[in-house]
Amino acid sequence: MTSIYNKLKQLQYKEDYPFHMPGHKRNLKIDPLLDAISKIDITEITGFDDLHHPEEMIRELMDDLKQIYGTKESYLLVNSSTAGNLAAIAALCNIGDKILVARNCHKSVYHAIELLGLDPIYIYPEIDEYGICKGITKEQIENIITKETSIKAMVLVSPTYEGRVSDIEGISDVLHRNNIPLIVDEAHGAHFIYHETFPESAANSGADIVIQSLHKTLPAFTQTGLLHLCTDCVTREMMQKKLSIFQSSSPSYVLIASIEQCIHICNENRGYFQQYYEKLWILREKLEELKYIKLVPTDDIGKLVFSVKDTTISGEELFEILRDNYHLEMEMSELYYVIAMTSVCDTQEGYDRLYQALKEIDSEITKKNTEYLFLENDFHQNKKMLKPEEAATKDRIQIDYDDAKDEIAAEFIFLYPPGIPLVVPGEVIDKYVIDKIRQYEQYNMKVIGLNDHKIYIINR
């Protein structure tokens with residue numbers, strides 16, 4: 001049996017360069033805390049405050065966060081954005097309420113919907129020429145609001161995994177005119193406030209609650225994040241109560257210290273982000289010159305999305321070539337594209353290796369004329385038969401997914417990462433879903449909810 005600790009130690013000796021989370025990129029030079037973990041791993045002891053009842057040094061850090069992010073209150077997350085999404089939805093919705101949801105939200109949003117027995121009303125993002133979700137628009141919200149009543153809150157993800165941003169200011173304005181608060185899963189946007197080239201943070205654009213994962217794009221340990229209460233949509237006490245439900249009662253002080261270090265380092269050394277921006281733009285300009293591999297336009301320039309649409313390789317194949325032949329570990333792959341996540345901690349050597357690898361691969365592939373079945377103008381809309389919570393209470397059976405057409409899903413099915421459900425429990429499994437699963441399997445991609453060609457359906 002392989003020791004987890006020994007396997008982790010081996011990372012420092014490997015040639016693999018991390019174009020994936022977490023944002024600290026195992027770069028110990030920027031923060032000495034990363035090299036001193038075992039000496040400071042404690043639980044709540046005298047003089048170290050309490051995350052769930054902050055009065056001293058944790059309270060001081062929260063006050064600093066309020067000043068830096070310009071919020072009513074900012075809370076520390078040691079269970080990352082997942083806990084933040086769960087707590088935010090629980091703070092604004094009661095059991096059985098209607099909630100407006102962008103259909104490309106993270107699975108944690110759907111878990112909150114199931115736990116609270118909520119009735120989700122979905123907004124489907126449009127899809128661009130690369131097969132990637134665009135941002136949600138205020139016009140889409142206006143169209144839904146005129147048809148649906150009694151919506152208690154809305155939640156959307158901005159930026160998306162691919163670096164696309166929604167019109168938060170316009171959406172907030174529409175929702176607030178109808179007394180509906182907005183939750184923004186800004187897990188991939190904690191770095192936005194540190195340089196003007198990045199999009200405006202949702203925390204400064206009218207959203208009511210904003211959740212961020214520090215570890216995704218900033219120099220912080222995995223599981224660290226922030227929840228920002230930006231308006232008076234709920235009381236500070238209610239928000240703290242819900243967070244206490246969804247976060248560990250024994251929070252890691254290593255993670256708390258990492259949050260503090262990360263925020264202070266970033267806030268006090270914004271020159272790092274100017275250097276990051278300059279190096280990134282030079283890299284992007286070079287990548288634009290590739291012939292077949294296309295650098296996809298993104299609102300967040302820190303996300304490098306490489307499309308292989310109409311080429312002789314798939315996204316998964318590009319991912320594997322970069323990993324196996326060039327020791328470059330990307331963040332994720334889809335059927336037609338690959339994502340490389342960058343951060344302020346990336347090195348010039350890493351950028352150079354990525355460019356040279358892609359340049360070589362680009363010279364070895366060609367263009368092919370293929371009709372891409374799934375590159376549509378709209379996000380595929382599944383028919384909802386049951387609320388997720390209702391589906392969870394039904395008897396289920398496991399069948400071959402090829403035989404599941406017109407059946408009702410009993411479990412989530414999604415590619416991981418990013419964890420956006422292809423099917424939500426209670427939705428009808430149609431030919432599109434089956435064909436999509438078949439394509440994922442063809443390229444040996446990791447599909448959660450699929451086990452030996454079988455999926456769970458409701459036993460009717």
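When I say contact, I mean heavy atoms within 4.5 Å of each other. The structure on the screen is a predicted model, and everything that follows refers to that model.

I start with Pro417, where that definition is needed. Pro417 sits in the loop that runs between strand 15 (413–415) and strand 16 (421–423). Setting aside neighbours within four places in sequence, what is Pro417 in contact with? The partners are Tyr161, Glu331 and Met332. Pro417 has a relative accessibility of 23%, so it counts as partly exposed.

Next, Ala203. This residue belongs to the loop between strand 6 (182–185) and strand 7 (209–213). Is Ala203 buried or exposed? Its relative accessible area is 8%, and the cut-off for buried is under 20%, so Ala203 is buried. Beyond its neighbours within four places in sequence, Ala203 touches Tyr69, Thr71, Val210 and Cys230. Take Thr71 from that list: Ala203 and Thr71 are 132 residues apart along the chain, with 7.0 Å between their C-alpha atoms.

Val308 is buried, at a relative accessible area of 1%. From Val308 to Tyr336 is 28 residues in sequence and 5.4 Å in space, C-alpha to C-alpha.

Now the aromatic residues. With ring centres within 6.5 Å as the rule for a pair, the count is eleven aromatic pairs. I will show two of them. In the pair of Phe48 and Tyr253, the ring centres are 6.1 Å apart and the planes stand at 90°, so this pair is edge-to-face. Phe48 is in the loop between strand 1 (17–19) and helix 2 (57–69), and Tyr253 is in helix 9 (residues 253–268), so the pair ties together parts of the chain that are 205 residues apart in sequence. As for accessibility, Phe48 is partly exposed at 32% relative accessible area, while Tyr253 is buried at 6%.

The other pair is Phe198 with Tyr276. Their ring centres are 6.1 Å apart and their planes are at 40°, so this pair is classed as tilted. Phe198 comes from the loop between strand 6 and strand 7, and Tyr276 from helix 10, so here the parts tied together are 78 residues apart in sequence. Phe198 and Tyr276 are both buried.

Aromatic residues also group together: Tyr110, Tyr122, Tyr124 and Phe412 make up one cluster. And there are charges over rings. Arg284 lies over the face of Trp281, 6.0 Å from the ring centre. Arg396 does likewise over Tyr456, at 5.9 Å from the ring centre.

On the helix 10 side, the contact is made by Tyr276, Lys279, Leu280, Leu283, Lys286 and Leu287. On the helix 12 side are Gln348, Tyr351, Asp352, Tyr355 and Leu358. By type, the residues of this contact are seven nonpolar, one polar and three charged.

Last, some backbone geometry. Most residues other than glycine have a negative phi, and most peptide bonds are trans. Here are some departures from that. The peptide bond from Ser158 to Pro159 is cis, and its omega is near 5°. Pro159 is in the loop between strand 5 (151–157) and helix 6 (168–177).

Then there is His327, not a glycine, yet with a positive phi of about 55°. His327 is in the loop between helix 11 (315–326) and strand 11 (328–330), and is partly exposed at 30% relative accessible area. Asp406 also has a positive phi, about 75°, without being a glycine. Asp406 is in the loop between strand 14 (396–400) and strand 15. With 44% relative accessibility, Asp406 counts as partly exposed.

That is the end of the tour. I can go back to any of these sites on the screen.

Notes. Residues numbered from 1 in each chain as written. Predicted model: local features only at pLDDT ≥ 70, side-chain atom pairs only at ≥ 80, totals over all residues. Heavy atoms only, no water. Helix = DSSP H or I, 4+ residues; strand = E, 2+ residues; numbered from the N terminus. Nonpolar A, V, L, I, M, F, W, Y, C, P; charged D, E, K, R; others polar. Buried < 20%, exposed > 50% of the residue type's maximum accessible area, 1.4 Å probe, protein only. Phe/Tyr/Trp six-rings, centres within 6.5 Å; stacked < 30°, edge-to-face > 60°. Lys NZ or Arg CZ within 6 Å of the ring centre and 35° of its normal.
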